[in-house]
Amino acid sequence: MKRVGEVQSSNYLLAKFENLVDWVVNSSRANSLWPMPFGTACCAIEFMATAASRFDFARFGMERQAFSPRQADVLICAGRLPFKLAPVIRRIYDQMPQPKWVISMGACASTGGVFDNYAMVQGIDTIVPVDVYVPGCPPRPEGLLYGILLLHKKIKGESLFDAVKRRDEQPLDDKGLRLPPETIDEISEPFGNSVHQFRSS
Amino acid sequence: MTSPVPGALRTEVARDGETIVFVAPAHLLETMRWLKDTPGQEFDYLVDVTAVEFRDRERPLQVVYFLRSLSRKADVRVKVELPASGELAVDSVWGLWHGADWLEREVFDMFGVTFHGHPDLRRILMWETYAEGYPLRKNFPLRGRFSRSEQVRQALNANPEAHYSMQELSIAEAAGDLPDDMRDRLRRGERGVIPEPPNS
């Protein structure tokens, strides 16, 4: 029997069977990811280059781009996310069926990038859970492909029998935040060059 | 521009050769109407409306109108100076150029300048419930006034569909003439409350 928090059964044959099922399911999932492009800025141009013939992420099973969240597996946020789009990406994420993954493509989506200002979300992980962060401004197509391969690796390490992993995330409280406010403030703190920006008040 | 512009306080020539006409706020509409309707002026195209606030707090905030005459291929800038101590308000030129609608909304959104007579003065870039102030004013901190978590919370709680368009407003005005079922459907819609027409 499985105990709480235990992924694999303690019975040898059962565990072997679960491994086999996981291998089959995860290989299928990893090699047929349908991306939902959420392109808001220049990263979307690199995303298109990745999709186009020279780099062609269809080689990794992403043949069909899902322009509807209801038929998508992986949300790729390519570009900066203003606060005004925060409820939009949250709704798109909520509309995607399980299992689902998120790639945060580029510096702006991952951290806010150079846009440390009043209008920009400082990292989309304050809005939706993120599986793979791709750095770069914008990342080259090779970078995005590497991120996709990392996601493949992550998917292949998951277990179908681990129900916790595929449970829909609930907001922490009625405020709708997915992280505690202190955490959001901490990860949104200015860093690098942005601490030298002129503050006029 | 040879003839003197009525209502003009003074005229300058910008570095690129364009004429800048300074107008008192009270005479703006009169001057604009003259620029638009006078034969030989015919500034029939409002290119842009924007505003300038200077770092020197004593200098007045300027609202700038870029006009172009498509037939004469001529440009002129009209500036209205609003003292920072007084009320930031000026008459809307929407009655002359309907294109001023969104341009003036943007100036309102970013600088907090009120345009009297504008048909639909709401925020346009920031969401309508945005409560932190006017982002392009010099006293606005770059990262906004609220903490990041509060900004995320407010953004997530904003309803992206709670906007009404001018079309919806005109439907609301005509609500008295609509069939009952359609009126009920519109009133219950998710896209915000449509006000009752004044005559019902």
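Hi everyone, let's start with a helix: α5 of chain A, residues 141-156, lies across β2, β3 (101-105) and β4 of chain A, and runs at about 170° to β4(A). Contact here means that the C-beta atoms of two residues, placed from the backbone, lie within 7 Å. Axes are lines fitted to C-alpha atoms, for helices over the stretch in contact, and angles go from 0 to 180 degrees between N-to-C directions. Helices (H or I, at least four residues) and strands (E, at least two) are DSSP runs, numbered from the N terminus.

Before we go on, a word on the source. This is a predicted model, where local features need pLDDT of at least 70 and side-chain atom pairs count only at pLDDT 80 or more, while totals for chains, interfaces and linings use all residues. Residues are numbered from 1 along each chain as its sequence is written, and chains are lettered from A and ligands numbered from 1 in the order in which they are written.

Now, what order do the strands of the chain A sheet take? The 4 strands run β1-β2-β3-β4 in an open sheet with parallel pairing; two strands pair if DSSP finds at least two bridges between them. At the edges sit β1 (35-39) and β4 (132-134) of chain A, each pairing on one side only. From one strand to the next, the twist averages 15°. Looking at one pair, β1(A) and β2(A), residues 74-78, share 5 bridges in the parallel sense.

Let's move to chain B. Here β3(B), residues 45-52, and β4(B), residues 61-69, run antiparallel and are joined by 7 bridges. B:V49 stands opposite B:Y65 in β4(B). On to the next pair: β4(B) and β5(B), residues 74-82, are also antiparallel, with 9 bridges. There, B:L67 has B:V76 as its bridge partner in β5(B). The hairpin of β4(B) and β5(B) has 4 residues between the strands, and B:K73 takes a positive phi near 55°.

So where do the chains meet? The contact takes 22 residues from chain A and 20 residues from chain B. On the chain A side, α3 (86-95) and α6 (181-187) each supply at least two residues, and α3(A) gives the most, with 4 residues.

Finally, confidence. Chain B averages a pLDDT of 83, with 82% of the residues scoring at least 70; pLDDT is the predictor's confidence in each residue, from 0 to 100. The model scores ipTM 0.80 and pTM 0.80.
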